[in-house]
Amino acid sequence: MERYRAYLQLTKACNAQCKMCDFWKNEKEVFERDHFFRLIDLLVSEWIKGITFWWWEPFLYEHIYDLIKYAKQKDLNTEIITNGTVIDKEKIKDSIEYIDEILFSIDSWIESVHNKIRWKSFIYKKAVSNLAHISELRKTLNTKLQIIIDTTLQKDNFDTFETVLDLAKEYNTKINFDPVQLIWYWNNREKNWLTLSEDESFILEKRLLNFWKKNSFYLLQSKDSIKRIIRYFKGYKIEDYCTSLNKDVLIDPSWDVLKCWGSSEVVYNIFENKGIKKDKLKMDQSCYSCWFTHVRDDDYFTGYSVTNDVFEWNTY
Ligand SMILES: C[S@@+](CC[C@H](N)C(=O)[O-])C[C@H]1O[C@@H](n2cnc3c(N)ncnc32)[C@H](O)[C@@H]1O
Ligand code: SF4
């Protein structure tokens, strides 16, 4: 099994100040356009089949629209994870046919809750307005773009997360829930803001299972994935092995390859090594340091199956 998706960071800047995330504290760094074109060429010449533009806020990088088009022309699956607030309505119109998936991080369809989590009062209105715009473009331009609402479950939304269902229905999207992580530079500060009491985790359990029962059509996740989230919040040990180590390569803007989602360790630099070194990416699958759902679930987008340990690139 080999890694297939590159998670690429284009900038170290963010316009939000989310409670659960420390990325916004970074100094802004600007990287030249050609820097990433060269990287995409290199990824294509190796064995990468998909690129996710994400981390900090990818739409703050002015050349992102050109990069999306370039990656698609190279036949890569293209995905973006965004807080949804700085999307240029004209430029996205010209780029939309080159995007396979776009994930909007929206933690609640209650304006005050979402803004409280993201710590800026403009976030909700901008994100929902851009979501509506992209949903409309998808209809008009008849593209196959998948839109997903990505909701980070935590203290402030454990009892209102269901509201994103209305958003999903309104704009014809899918939903993915992820439990908040309290690790290294994701966030290792304010545990009280984020973790649930025993009573709260029981409420979450009831609500999540109920949500899955009634609305699984809208969810990208299996019941097992939902149960894993519940177990995480209840503090149980989770024993499913990590699949991410076989399918993801995390690359920061200076072409450093990070060990994985749960570690800041730099494994090597792509530029210095003149490519991706597969042998350096072999990892211990029994790592239990992070609980992002996609590191232990089947991968909806790539067709990666945990049970069969096979990869069939999804061509929906
Ligand atoms: C780090 S952000 C980068 C992309 C973009 N800025 C955004 O917010 O979508 C990617 C995703 O990670 C989630 N996230 C942030 N901090 C987290 C944490 N401590 N644990 C789990 N997920 C987190 C965000 O809610 C978002 O859905
Ligand atoms: S979660 Fe995304 S939007 Fe929020 S501070 Fe982190 S990088 Fe920025």
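**Close-up views of a predicted model**

**View 1. Helix α4 and its packing partner.** The buried residues of α4 pack against α5 (123-141). Packing here means contact, that is, C-beta atoms placed from the backbone that lie within 7 Å. Helices (H or I, at least four residues) and strands (E, at least two) are DSSP runs numbered from the N terminus. The structure is a predicted model, in which local features need pLDDT of at least 70 and side-chain atom pairs count only at pLDDT 80 or more, while totals for chains, interfaces and linings use all residues. Residues are numbered from 1 along each chain as its sequence is written, and chains are lettered from A and ligands numbered from 1 in the order in which they are written. In α4 (residues 111-118), H114, I117 and R118 are buried (20 or more other C-beta atoms within 10 Å of the residue's own; exposed is 12 or fewer, partly exposed in between; C-beta atoms placed from the backbone). These buried residues fall within an arc of 90° seen down the axis of α4, so they line one face of the helix; the arc is that of the directions from the helix axis to the C-beta atoms. W119, with a positive phi near 60°, follows α4.

**View 2. The open sheet of nine strands.** The strand order is β6-β5-β4-β3-β2-β1-β7-β8-β9, with mixed pairing (pairing requires at least two DSSP bridges between two strands). The edge strands β6 (174-179) and β9 (263-269) each have a single partner strand, so one side of each is left without a neighbour in the sheet. On average, neighbouring strands are turned by 25° against each other, direction ignored. Axes are lines fitted to C-alpha atoms, for helices over the stretch in contact, and angles run from 0 to 180 degrees between N-to-C directions.

**View 3. Strands β4 and β5 with helix α6.** Five bridges join β4 (residues 101-105) and β5 (residues 146-153) in the parallel sense. F104 has I149 of β5 as its bridge partner. Helix α6 (residues 164-171) packs on the sheet and touches β5 and β6; its direction makes about 175° with that of β5.

**View 4. Helix α2 and its surroundings.** I64, Y65, L67, I68, Y70 and A71 are the buried residues of α2 (residues 64-73). They pack against α1 (33-45), β2 (50-54), β3 (77-82) and α3 (89-95).

**View 5. K12 in the loop between β1 (5-9) and α1.** K12 counts as buried because it has 21 C-beta neighbours inside 10 Å.

Conventions:
Two residues are in contact if their C-beta atoms, placed from the backbone, lie within 7 Å.
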